[in-house]
2 protein chains.
Amino acid sequence: MPRRDVYHASVKKALELDGWEITHDPLSYRIDNDQIFIDLGAERVIGAQKGTLKIAVEVKSFLSPSPLTDLQEAIGQFVLYKEFLEELEPSRIMVLAVPESAAPLFEQRIGQRLLKSQNFVVIVYDVTKEVISRWLPQIPKT
Amino acid sequence: MPRRDVYHASVKKALELDGWEITHDPLSYRIDNDQIFIDLGAERVIGAQKGTLKIAVEVKSFLSPSPLTDLQEAIGQFVLYKEFLEELEPSRIMVLAVPESAAPLFEQRIGQRLLKSQNFVVIVYDVTKEVISRWLPQIPKT
């Protein structure tokens, strides 16, 4: 299995262990307008639910040699998906899942700014133990 | 010259024709902290000034086969740079320069949402004529 898919599978197991029901994999919307087709499912965002709380989880593996490139990619997808979600299913909360190796990016000053300005919700996962280590800044409230 | 650089040169000329002084190419900041080095100059952001108004211009060529991928990349860089700018030089306004071919992305509903939610300022440029076609939503005020 490609490493990227290993991370994806690991996050699914971690979510289940944490009491989440995986409702969609991928969570997919198709938008048809005059100019572009956008299939959010191409990036295999996971849909999950716990009680009345619904989340859309963008799993990032941060496997490229440049953390900055990975961070930019993660931000770009996150912000774009979030805009679509707010249009299509505003009750679902967008969540970015990052491995422990990338957690420092979000715990430093610039990462803290992003969490605040973009209302980022981040899951830090342990890919080996297949568990959620922590939520940044915190788990969304139902 | 690679096509990407042609677009970069075209935007510089268009800015100058519009009365902007190119003050930095690239506009570069180096940030040193415990975890990462980030050189924003790697992406060759242009610094320009007109009167007291200072801008940082991220030039995107939108040359990949997928406009969605290009849009995500543009958003990721824009948002990250903007965070850095607000930390390092808050008076400088972040601007995204896109060719006419990509303008519809920002004139549609989702693009309009992005302009609003992210306070995006977009320059639409004509790469052949080397002119600025328009500003979205509008030119920043001094």
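Colleague: Which residue of chain B comes closest to the rotation axis?

Modeller: In this predicted model, a rotation superposes chain B on chain A. Taking the C-alpha positions of chain B, the closest approach to that axis is 1.8 Å. The residue at that distance is Gly76(B).

Colleague: What relation do chain B and chain A have, given the rotation and the shift along its axis?

Modeller: Two copies of a chain are related by a rotation about an axis and a shift along it. Here the rotation that brings chain B onto chain A is 180°, the shift is 0.0 Å and the RMSD is 0.0 Å. That is the relation of a two-fold axis.

Colleague: How many residues does the contact take from chain B, and which element gives the largest share of that side?

Modeller: The contact takes 23 residues from chain B and 23 residues from chain A. On the side of chain B that touches chain A, the elements giving two or more residues are helix 2 (67–88) and helix 4 (109–117) of chain B. By class, this side has 12 nonpolar, eight polar and three charged residues. The largest share, 12 residues, comes from helix 2 of chain B.

Colleague: Why do the copies meet through the same surface?

Modeller: The answer lies in the interface residues of chain B that are also interface residues in chain A. The copies meet through the same surface because that proportion is 100%.

Colleague: What is the order of the elements in chain A from the N terminus on?

Modeller: Chain A has four helices and eight strands. Read from the N terminus, the order is α-β-β-β-β-β-α-β-α-α-β-β.

Colleague: Which residue in strand 5 of chain A stands opposite Gln49(A)?

Modeller: Strand 4 (residues 46–50) of chain A pairs in the antiparallel sense with strand 1 (residues 21–24) of chain A over three bridges, and there Gln49(A) is the bridge partner of Glu21(A). Strand 4 of chain A also pairs in the antiparallel sense with strand 5 (residues 53–59) of chain A, over five bridges. In strand 5 of chain A, the residue opposite Gln49(A) is Lys54(A).

Colleague: Which residue takes a positive phi in the hairpin of strand 4 and strand 5 of chain A?

Modeller: This hairpin has two residues between the strands. The phi in question is near 60°, and the residue that takes it is Gly51(A).

Colleague: Among contacts in chain A between residues at least 6 apart in sequence, what percentage join residues at least 24 apart?

Modeller: Chain A has 142 residues, of which 37% are buried. Among its contacts between residues at least 6 apart in sequence, the share joining residues at least 24 apart is 60%.

Conventions
Residues are numbered from 1 along each chain as its sequence is written. Chains are lettered from A and ligands numbered from 1 in the order in which they are written. This is a predicted model: local features need pLDDT of at least 70, side-chain atom pairs count only at pLDDT 80 or more; totals for chains, interfaces and linings use all residues. Copies are superposed by least squares on the C-alpha atoms of residues with pLDDT of at least 70 in both. Two residues are in contact if their C-beta atoms, placed from the backbone, lie within 7 Å. Two strands pair if DSSP finds at least two bridges between them. A residue is buried if 20 or more other C-beta atoms lie within 10 Å of its own, exposed if 12 or fewer, and partly exposed in between; C-beta atoms are placed from the backbone. Ala, Val, Leu, Ile, Met, Phe, Trp, Tyr, Cys and Pro count as nonpolar, Asp, Glu, Lys and Arg as charged, and the others, Gly among them, as polar.
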